[in-house]
Amino acid sequence: MVTLAHYLIASGLLFAIGLAGVLLRRNILVIFMCLELMLNAANLSLVAFSRFNLTQGLPDFNGQVFVFFIITVAAAEVAVGLAIIVALYRAKQTTHVEDLDALRG
Amino acid sequence: MDTIAPWIILFAPLVSAVLILLFGRLSRKLSAGLAIASALIGAALSWYLFLLPGEIEAGKIVWLDFSPGLQVNIGLTLDALSKLMLVVVNTIASLVFIYSLGYMAREEGYWRYFAGLSLFLFSMLGIVLADNLIMMFIFWELVGVSSYILIGHYYSRASAAEACKQAFIVNRIGDFGFMLGILVLWLQTGTVEFAELEQRIGAFAEIPQLLALALVLVFCGTIGKSAQMPLHVWLPNSMEGPTPVSSLLHAATMVAAGVYLLARIFSILELSAVALHVIAWVGAITCFLAGLMGTQQNDIKRILAYSTISQLGYMVLAVGIASTEEVPMFHLFTHAFFKCLLFLCAGSVILGMHHEQDIWKMGGLRTKMPVTLVACAAGCLALMGFPGFSGHFSKDLIIELTAAKSAPLFWIAVGGVALTAFYTARLFLVVFLGSPRSDAARHAHESPKVMTIPLILLGLAAIFSGWPFVSHFFFHELPHPEVGFGVKAAINVALFLGLLLALGLYARGPAKDPVSIPFFANRLYLDDLYAQIVRLIQDGGATVMALLDRWVIDLAVRLLAVGARGAGFVLALFQTGNLQAYSFFFGAGVIVIIYLLLFK
């Protein structure tokens, strides 16, 4: 039997992997993918909550509607983010975050 | 008409001052004409009001309303006192304005001069007409400003620039006391109007010391404006201004404002014996010491300046000992005429001598300036208090009243009489008798008619203004003290002693002063003492300020700078330039906030 806890653990693992990737990887594309992973971890927990929060035998659809919105926004964000990364590559000839240190104090 | 007239009197000079400032540069005649017209209108209306019986309601405008705490009006008071003063100020001002036509005929800054005179007249009339202390204080300061402008008329001369500065600053010291006095009176009674003040003065019944303090503080204003000891130093120096200015401001009217203030609050002063005591002593000491300093001066105007201080001392003494304010006002009245006359005579002599003021370069002017000679003789005799001349009536009245009150004050005042007789006779003998002591004196000439006619008119006033038939017309409550033969004898003996001493020393026309007392000539070294004190205070203040600047302000500024730099150094550690470090901080921050929100 798969319970809410299983889903949440899976979601937490995904989020942790994503966060670790954002914090540790160097390639900005991979970081970007890890960000998406974190988003999807959040989506997973939302769907899980929706599925297990039954009222009168029906799931709470609010969570699922939320997930659709997030997917839509994420798609737009990917488009913008990838465009920024392309522009960045054109300007700096690199996709490594260590080379992007113009803000160092 | 009767209610509008005082407002016209007050504002006509202001209007003319403004017009002169705007258009006076166009023509000399215009500026002089405007000023003289305003003064003559004022004089005519003043006489008209004076001849009307009783008090006149001129109405008032509420200016600042903080009721019930404080209400300041611009209101005019027209009782016997202010009507008399209006007449004196406006009459003398008219004569001096006309005289100025001749005296200033060839001077620079004609329009500036007449604008200043008109502004002065406006301010002085404001003091005379004010019905509350605040309004009086405002005009009091305006008088200070116009005096500053007029003393500094020859501003390109360093001594004149210094003199006007000194006059202003020294007056500020007295005015500060005046302001504190007004505050104390207001705090205790809740009003600043003279009429109400008299009614509510009972608020001080429990604490007479506070009343005495308040009145002495108000008297500080008089000390400054009327050049009493110890703030007398500015008046002799103010002689740097044109002579008609000295005549109008620094002899006849403006310096009398202090005495007028005391007369205005006389009914309150009477309630505090301590304050009257202080006032009487300050006046007596001033009249004696100023006389001493006057005996050894060589500048014709300075001699007169010291005599003015001395006579003002008599008036202040009179406030301290008399039973009615008419006694000091009587001396103010006669003094205004004969002192104005003396200064105008001095102006005539100075003009005739081509701006030479040292009496030891004059001499023998009796044949060259006959009108001035006669007028000056009348003025000098009146100033001495020679029997039959106006000063005799008013000054002797004061001294006789003093005799009844206090023996030491009486002898000081009698000493003042001897000194006055001495230096006045010295001035007259050296200037007019003997033989000329310089080329300028040999070629001196009489002044034009526009100057001599005011001299003649004032000469008549100097002789007759004290006579009973005149004084009864202007004063109604003058006391007639019963005094013994000894008192009268003492006054007259002092007078003739001073006169004879001067005759013995100066009648033969010595080439230079046979008496030399540097202590008096240097004004008892008071001026030097003040200069030293000012320097000490200034140096001390500057040292303290420098230390404060270096160790308090600089230190604070430096600490701030060090703090900002340290904060910047610490915060810069977070600006690693590493994208992932930023996101780590961000995430950590979010976690901390969640922790605080949920688990605290």
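In this predicted model, helices H2(A) and H3(A) meet through a set of residues that includes A:Ile28, A:Phe32, A:Leu39, A:Leu46 and A:Phe49 on the H2(A) side, and A:Phe66, A:Val67, A:Ile70, A:Val78 and A:Ile85 on the H3(A) side. H2 covers residues 28-52 of chain A and H3 covers residues 62-92.

The loop between H2 and H3 of chain A contains A:Gln56. This residue is not a glycine, yet its phi is positive, at about 50°. A:Gln56 counts as exposed because it has 4 C-beta neighbours inside 10 Å. A positive phi also occurs at A:Gln93, about 55° and again not at a glycine. A:Gln93 belongs to the segment that follows H3 of chain A. With 8 other C-beta atoms within 10 Å, A:Gln93 is exposed. Most residues other than glycine have a negative phi.

Chain A touches chain B through ten residues, which contact ten residues of chain B. The chain A side of this contact consists of seven nonpolar, one polar and two charged residues.

Chain B has 600 residues, of which 52% are buried. Its C-alpha atoms fill a box of roughly 110 × 60 × 55 Å along the principal axes. The domain assignment divides chain B into domain 1, residues 4-521, and domain 2, residues 533-599. The C-alpha centres of these domains are 62 Å apart. Of the contacts in chain B between residues at least 6 apart in sequence, 82% join residues at least 24 apart.

The secondary structure of chain B consists of 25 helices and two strands. Strand S1(B), residues 56-66, runs antiparallel to strand S2(B), residues 70-78, and eight bridges join them. One bridge pairs B:Leu64 with B:Val72 in S2(B). The hairpin from S1(B) to S2(B) passes through three residues.

Chain B also has a cis peptide bond, from B:Met229 to B:Pro230, with omega near 0°. B:Pro230 is in the loop between helix H8 (208-225) and helix H9 (234-237) of chain B. Most peptide bonds are trans.

Technical notes
Residues are numbered from 1 along each chain as its sequence is written. Chains are lettered from A and ligands numbered from 1 in the order in which they are written. This is a predicted model: local features need pLDDT of at least 70, side-chain atom pairs count only at pLDDT 80 or more; totals for chains, interfaces and linings use all residues. Two residues are in contact if their C-beta atoms, placed from the backbone, lie within 7 Å. Ala, Val, Leu, Ile, Met, Phe, Trp, Tyr, Cys and Pro count as nonpolar, Asp, Glu, Lys and Arg as charged, and the others, Gly among them, as polar. Domain bounds come from an automatic or database domain assignment. Two strands pair if DSSP finds at least two bridges between them. Helices (H or I, at least four residues) and strands (E, at least two) are DSSP runs, numbered from the N terminus. Axes are lines fitted to C-alpha atoms, for helices over the stretch in contact, and angles run from 0 to 180 degrees between N-to-C directions. A residue is buried if 20 or more other C-beta atoms lie within 10 Å of its own, exposed if 12 or fewer, and partly exposed in between; C-beta atoms are placed from the backbone.
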